[in-house]
Amino acid sequence: MATKLHIPHAPFRPGDKPDFSNIKLPKAGELRRPPTRIHANETRDLSFSMIRVLDGDHRAVGEWDPHLDAETLRQGLRHMLLNRVFDDRMYKMQRQGKISFYMRATGEEAVAVAQCMALRPGDMLFPSYRQQGLLIVRGIRLVDMMCQCLSNSRDNLQGRQLPVLYSFKDVNFFTLSGNLGTQFPQAVGWAMAAEYKGTSDVAVSWIGEGSSAEADFHYGLTFASVYRAPVVLNVVNNQWAISTYQNVAGGDQNPFAARAIGYGIPGLRVDGNDFLAVFAATSWAAERARQGAGPTLIELYTYRAAPHSTSDDPGRYRPLDEWQYWPLGDPIDRLKKHMIARGEWSEEQHAELEKELTDHVLASWKEAESYGTLNEGPWPPVSAMFEDVYKDVPPHLIKQKRELLE
Amino acid sequence: MTLGEAVREALAEEMRRDSRVFICGEDIAEAGTVFKVLTGLVDEFGKERVLDTPISEAGFTGIAVGAAMTGMRPVVDIMFGDFSTLVMDQMVNQAAKVRYMSGGKCKVPMVMRATLGASRRSAAQHSQSLHAWFAHIPGLKVVLPSTPYDAKGLMKTAIRDDNPVVFFEDKMMYKLKGPVPAEDYTIPFGVADIKRVGTDITIIATSSMVQVALDAAKMLEEFDISAEVIDPRTVWPLDEKTLIESAKKTSRVIVVDEGYERYGVTAEIASVIAEGAFFSLEAPVKRIGAMHVPIPFSPPLEDATIPTERQVFGAAKALCG
Ligand SMILES: Cc1ncc(C[n+]2csc(CCOP(=O)(O)OP(=O)(O)O)c2C)c(N)n1
């Protein structure tokens with residue numbers, strides 16, 4: 001069947017040697033940082049090129065440099081490293097059968113961590129499943145996240161939700177959905193309501209580049225544009241959606257950020273592995289939303305270094321060492337080198353921090369398991385299924401509960 | 001051969017036989033679906049006929065409807081049946097009605113494959129059994145195979161059908177083994193299969209619940225209760241005759257289906273039995289389905305929500321008691 005249709009292919013498949021030299025990367029510091037009250041059409045350069053702050057010598061350059069103090073940088077590094085150590089531990093626990101499922105954010109930790117640090121605690125987060133870094137920044141204890149993954153007696157969701165599909169309303173982190181994309185229009189609705197109530201809080205949402213094909217992505221942009229809602233909409237372009245490359249979502253035509261312009265929304269395309277660039281772009285968009293100037297779409301250009309989930313086998317569809325060739329490197333490593341270049345950090349301090357965080361994760365795991373394991377319990381009681389929804393439990397559920405407990 | 005292999009073989013044979021058949025959906029080419037059911041098909045048929053699509057269930061289902069109207073025979077792959085909520089407009093308002101609304105000028109020979117079933121520790125949004133939604137709609141046929149043999153024969157019938165067919169595979173049954181003949185065969189829609197002959201009670205079961213019913217029947221044997229197990233195989237068209245005849249013979253009926261009972265498949269079948277065999281029944285028809293709650297993740301919680309052989313056994317004993 002020979003057709004004129006274009007069928008996208010991933011650039012490299014198992015056995016190939018990856019070569020990303022075709023990806024055009026602008027020099028760090030090259031792009032201007034315009035005022036936040038700007039029309040979508042004036043963001044062509046920002047949405048087609050790429051905002052980068054860290055240069056080849058690990059210095060922060062250009063108008064987008066957020067000029068963060070050393071303490072903020074140390075915090076950012078710590079959060080990202082904790083995210084990674086935590087993920088690796090949980091991955092190992094899944095391999096040992098101690099949890100049934102897990103999803104790592106390896107290689108894209110700067111997205112959630114830098115973005116959350118650029119926001120205010122009152123800003124509402126509508127993430128996808130790969131932004132556990134948000135919870136780390138907002139101070140959720142690892143033990144609580146682990147208990148959710150273990151579905152044990154201390155699981156804050158009472159055994160109802162898949163591991164990693166967290167819900168922490170206390171820190172303005174919305175309930176994660178297993179169905180892709182739904183968070184995007186919800187964030188816009190939340191933002192509209194915030195405006196209606198007269199608060200200065202903004203809503204922030206994340207969607208994968210793969211999921212940007214879902215209608216909800218387009219609904220979100222349409223409504224954000226029509227009502228100029230105070231919302232920051234993020235596309236995390238980590239190149240892969242399970243086994244399909246970003247070109248299957250249309251990424252080979254124009255950057256995802258550039259889609260914003262068609263909707264009349266400013267678009268920013270950002271080096272997602274550059275902590276400073278991610279921080280700066282997010283601050284810009286959040287400030288814009290808070291001023292009532294309207295929404296922004298940010299594309300975070302990064303790479304999903306880990307398998308999609310513990311159920312995934314990337315050996316079927318990509319070279320296993322592809323990440324090693326990724327031209328934007330590792331966000332943790334890049335921030336570390338920047339801090340060392342600034343004289344604010346050293347390899348010794350880094351090794352020490354890594355050890356401290358590893359110990360912390362181990363101790364947290366031990367504590368989490370003391371509240372119950374997936375295989376041996378104690379689990380949430382079966383009757384928990386009937387709780388948290390009805391004040392007065394309706395008769396059909398009372399009947400079911402009785403039958404069940406008999 | 002496993003049920004997953006039977007589905008794959010049916011698809012491969014139909015694709016060889018008919019160049020109009022193609023598959024589209026998420027992660028179906030190199031990945032061969034997340035359940036690995038389509039492994040290898042892309043190697044034989046290429047990426048045009050095993051088409052990895054953008055992540056948009058409504059989008060690729062709409063594309064399939066359009067392609068079907070121009071004479072192709074698309075097979076759409078919905079990774080988790082839970083996502084079929086997203087394709088309802090294309091399936092319910094378009095695929096099901098186009099032939100009727102176009103005065104018979106357009107037909108939509110497409111198959112929508114989707115998974116159903118709990119017990120995979122996948123929680124509320126990846127475990128539902130939503131087949132009743134489709135069976136509710138005039139213009140859609142709904143297939144639920146319970147063995148590899150049935151899966152292959154029914155899939156071939158589905159692909160050769162000139163109208164939209166919704167084909168639900170239980171994701172916990174992909175590894176289920178059973179004999180499948182080498183030669184080409186099809187299984188007509190609307191013909192129930194008596195999986196076990198019995199005289200005291202009829203257990204009508206669908207999909208993975210057929211195995212549950214058979215296991216319960218074995219337990220009942222020890223109590224000298226002879227259970228007949230019937231699998232309708234297609235919930236629409238429904239083989240009412242076979243079901244009613246069995247009900248008349250045994251005079252007691254249990255209907256087991258993994259969907260919710262309320263307004264579900266068990267409700268429909270129970271009413272078919274009530275209307276057709278009322279005066280032969282010794283007891284009201286008993287329905288067993290998923291509990292009326294979102295399906296939890298926690299293994300002990302999830303297990304409590306899904307019908308088990310013990311539950312079917314207990315209900316049968318009570319009915320025969
Ligand atoms: C509506 C819906 N369709 C399909 C899926 C299955 N699925 C889960 S994650 C995923 C890939 C998403 O990729 P992307 O949006 O790029 O995010 P990433 O995993 O790369 O972070 C798919 C297809 C789903 N959960 N929900």
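## Helices H3 and H9 of chain A

In this predicted model, H3(A) and H9(A) cross in a right-handed sense (a crossing is right-handed if the near helix is turned clockwise from the far one by less than a right angle, and left-handed if anticlockwise). Helix H3 spans residues 109-117 of chain A and helix H9 spans residues 275-290 of chain A; the two pack at about 45° with their axes 8 Å apart. Axes are lines fitted to C-alpha atoms, for helices over the stretch in contact, and angles run from 0 to 180 degrees between N-to-C directions. The angle makes H3(A) oblique to H9(A) (under 35 degrees is roughly parallel, over 145 roughly antiparallel, 65 to 115 roughly perpendicular, and the rest oblique). Helices (H or I, at least four residues) and strands (E, at least two) are DSSP runs, numbered from the N terminus.

From H3(A), A:Ala110, A:Val111, A:Ala114, A:Gln115 and A:Met117 meet A:Phe275, A:Val278, A:Phe279 and A:Thr282 of H9(A) (contact: C-beta atoms, placed from the backbone, within 7 Å). These residues divide into seven nonpolar, two polar and no charged. Ala, Val, Leu, Ile, Met, Phe, Trp, Tyr, Cys and Pro count as nonpolar, Asp, Glu, Lys and Arg as charged, and the others, Gly among them, as polar.

## Two further helix pairs in chain A

Helix H6 (residues 183-197) and helix H7 (residues 215-227) of chain A have axes that come within 7 Å and cross at roughly 20°. H6(A) and H7(A) are therefore roughly parallel, and their crossing is left-handed. The H6(A) side of the contact includes A:Phe184 and A:Met192, and the H7(A) side includes A:Phe223 and A:Tyr227. By class, this contact has ten nonpolar, one polar and one charged residues.

Helix H5 (residues 142-150) and helix H11 (residues 347-370) of chain A cross at roughly 50°, their axes coming within 9 Å. H5(A) and H11(A) are therefore oblique to each other, and the crossing is right-handed. A:Leu142, A:Val143, A:Met146, A:Cys147 and A:Leu150 of H5(A) make the contact with A:Val361, A:Ser364, A:Trp365, A:Glu367 and A:Ala368 of H11(A).

## Chain contact and ligand site

In the contact between the chains, 31 residues of chain B touch 36 residues of chain A. Helix H2 (41-49), helix H3 (57-69) and helix H11 (299-305) of chain B each supply at least two residues of the chain B side. That side divides into 15 nonpolar, eight polar and eight charged residues.

The ligand is surrounded by 20 residues, the closest being A:Leu180, A:Gly208, A:Gly210, A:Ser211 and A:Ala241 (a residue is near if its C-beta atom, placed from the backbone, lies within 6 Å). Residues of chains A and B surround the ligand, so the site is shared between chains. The shell has nine nonpolar, seven polar and four charged residues.

## Backbone features

The peptide bond from A:Gly377 to A:Pro378 is cis, with omega near 0°; A:Pro378 lies in the loop between H11 and helix H12 (395-405) of chain A. In chain B, the bond from B:Trp236 to B:Pro237 is also cis, with omega near -5°. B:Pro237 sits in the loop between strand E10 (234-236) and helix H9 (240-250) of chain B.

A:His67 is not a glycine but has a positive phi of about 50°. The loop holding A:His67 runs between helix H1 (44-48) and helix H2 (70-95) of chain A.

## Model and conventions

The model scores ipTM 0.96 and pTM 0.97. Chain B averages a pLDDT of 97, and 100% of its residues score at least 70 (pLDDT is the predictor's confidence in each residue, from 0 to 100).

Local features need pLDDT of at least 70 and side-chain atom pairs count only at pLDDT 80 or more, while totals for chains, interfaces and linings use all residues. Residues are numbered from 1 along each chain as its sequence is written, with chains lettered from A and ligands numbered from 1 in the order in which they are written.

Terms used:
Two residues are in contact if their C-beta atoms, placed from the backbone, lie within 7 Å.
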